[in-house]
Amino acid sequence: MTSVLHTRDGRKFYFAPKNEAPRLEAEEFEGLGYEPVLYPWYENDCVSAAQKIVGGVEIGCDIAEPGFVTVHLGALRASLTAAEIDRYRWLGKKTASITSDVLQELEPGVTEYDMEALVADGLLCEGIMPSVLLMAVDDRIMTYKHAVARGQALKRYGMLNLCSRKWGLAISITRFVHFGALPAELSARFASSARVNAALLDSSRAGKTSAELFKVAQSGYAAEGFPGEEEFHHQGGPTGYGEREWLATPAGKEVIVNNQAFAWNPSIRGGKVEDTVVLLDGKIESLTDTPNLPLVETEWNGTTYHSAGVLVRD
Amino acid sequence: MSRTLEQGIVSAEALHAEAEEKRARLDRLFDENDISAVLLRRSENIAWRRAARSRPAS
């Protein structure tokens, strides 16, 4: 849509094609103190325009551009402000509520495409963008970690796995429904995933590194009798303005900060836990509680952590 | 963001504090990289800096 330029002396500009100017001025930048820099739609050279505005000084850019210093804003964005956390609470609550409502309405015969449409409809009606939709049923949940919808009809086991976005912020959540008694083996995998999740949440504290968090997941799977499970899928990590800002990896050097949000997603062969939380003053606050759905409580280091269970229906 | 919605979710004080905090963080970016300006082209960075400030059609 546009690019923006900020100068050290406090000036702010946005760059946009002229045909977008009326809406941008009225709906996106009004009252924010930005000066518009407009160009014909067939020209798109904000780089030259930025250099012209600031003259011969060093300019940073968040993508690699010749003549610019490449800068990374991930660390700047990591610690959420109070306003961002308020927005995140709203977005998480709405997304979780819509996910819960759709899950409870599913019936055998509904297709993966239907499941995507139902969730997307609920989100879009609230002005929330569905940014990731990975709905799946039955054997496809067992077979694939990212089971992109292919239209298969639900028989017994359904998964709503999605990300939503508003105001730039991203929420991740996964919930499951099973028609008929949940097989004991699958139930045990959810319990194990919940314990790995609790360990990850308990370790999500300021100063911990990506590599340390990876080790927590790795050790957790081994303790649950699933050594090496971490090889089959990423475990998640901090979130915010990306569905994941970074992933926990064996040699990852990124460091957790206070007021950072996380979406861990431990999974074990068809059983999975995924919610969005925020670390606030040393404590974990869930942003995606679904009070009408089953909950798995896990004690870890003296703290009770919650993970979503499977909604079992007749 | 809808002004009405924004008013219901985020206080004016929090919005002001957010703007100040993000300005300070950009100042640190200028210092750390020895730059005098920054061009933001990635949507996540623009969204972060604009702090969700948009309004619906009237």
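These notebook entries record what I looked up in a predicted model with a chain A and a chain B.

**Entry 1: chain A as a whole**

Taken along the principal axes, the C-alpha atoms of chain A fill a box of roughly 70 × 40 × 30 Å. I noted that chain A has 314 residues, of which 45% count as buried. When I looked at contacts in chain A with a separation of 6 or more, I found that 59% of them join residues 24 or more positions apart.

I then turned to the domains, and the assignment divides chain A into domain 1, residues 3-71, and domain 2, residues 82-313. The C-alpha centres of these two domains of chain A lie 37 Å apart.

I asked next how many of the residues of E1(A) are buried. Four of the five are, so E1(A) is largely enclosed by the rest of the structure.

Within its own chain, E1(A) pairs with strand E2 of chain A, residues 12-17, in the antiparallel sense and over four bridges. I found Leu5(A) standing opposite Phe13(A) in E2(A). The two strands E1(A) and E2(A) form a hairpin with four residues between them, and I noted that Gly10(A), in the turn, has a positive phi of about 95 degrees.

I also followed E1(A) across to the other chain, where it pairs with E1(B) in the antiparallel sense over four bridges. Here Thr7(A) has Ala37(B) of E1(B) as its bridge partner.

**Entry 2: strand E1 of chain B and E4 of chain A**

Staying with E1(B), I looked up its pairing with E4(A), and found that these two strands run parallel and are joined by three bridges. One pair that I wrote down is Gly60(A) with its bridge partner Val38(B) in E1(B).

**Entry 3: helix H2 of chain B**

I moved on to H2(B), which covers residues 12-33 and has 22 residues. From its first C-alpha to its last it reaches 32 Å, close to the 32 Å expected at 1.5 Å a residue.

Which residues of H2(B) are buried? I listed Glu18(B), Lys22(B), Leu26(B) and Leu29(B). Seen down the axis of H2(B), these buried residues fall within an arc of 65 degrees, so they line one face of the helix. I set beside this the general point that an α-helix has 3.6 residues a turn, so residues three or four places apart point the same way.

The face of H2(B) turned away from the buried side carries exposed residues, among them His16(B), Glu20(B), Ala24(B) and Arg28(B). The buried residues of H2(B) pack against elements of both chains: E1, E4, H3 and H4 of chain A, together with E1 and H3 of chain B. Just after H2(B), I noted that Asp34(B) takes a positive phi of about 55 degrees.

**Entry 4: the contact between the chains**

I then looked at the contact as a whole, which takes 34 residues from chain B and 37 residues from chain A. On the side of chain B that touches chain A, the elements giving two or more residues are H2, E1 and H3 of chain B. The largest share of that side, ten residues, comes from H2(B). Sorted by kind, the residues of this side of chain B divide into 19 nonpolar, four polar and eleven charged.

**Entry 5: helix H8 of chain A**

Just after H8(A), Gly225(A) takes a positive phi of about 90 degrees.

**Entry 6: Glu299 of chain A**

Last, I looked up Glu299(A), which I found in strand E16 of chain A, residues 295-300. Is Glu299(A) buried or exposed? With 10 C-beta neighbours inside 10 Å, Glu299(A) counts as exposed, since a residue is exposed if 12 or fewer other C-beta atoms lie within that distance. The C-alpha atoms of Glu299(A) and Ser203(A) are separated by 13 Å, and the two residues are 96 residues apart along the chain.

Conventions. Residues numbered from 1 in each chain as written. Chains lettered and ligands numbered in written order. Predicted model: local features only at pLDDT ≥ 70, side-chain atom pairs only at ≥ 80, totals over all residues. Expected span 1.5 Å × (residues − 1). Buried ≥ 20, exposed ≤ 12 C-beta atoms within 10 Å, placed from the backbone. Arc of directions from axis to C-beta. Contact = placed C-beta atoms within 7 Å. Nonpolar A, V, L, I, M, F, W, Y, C, P; charged D, E, K, R; others polar. Pairing = 2+ DSSP bridges. Domains from an automatic or database assignment.
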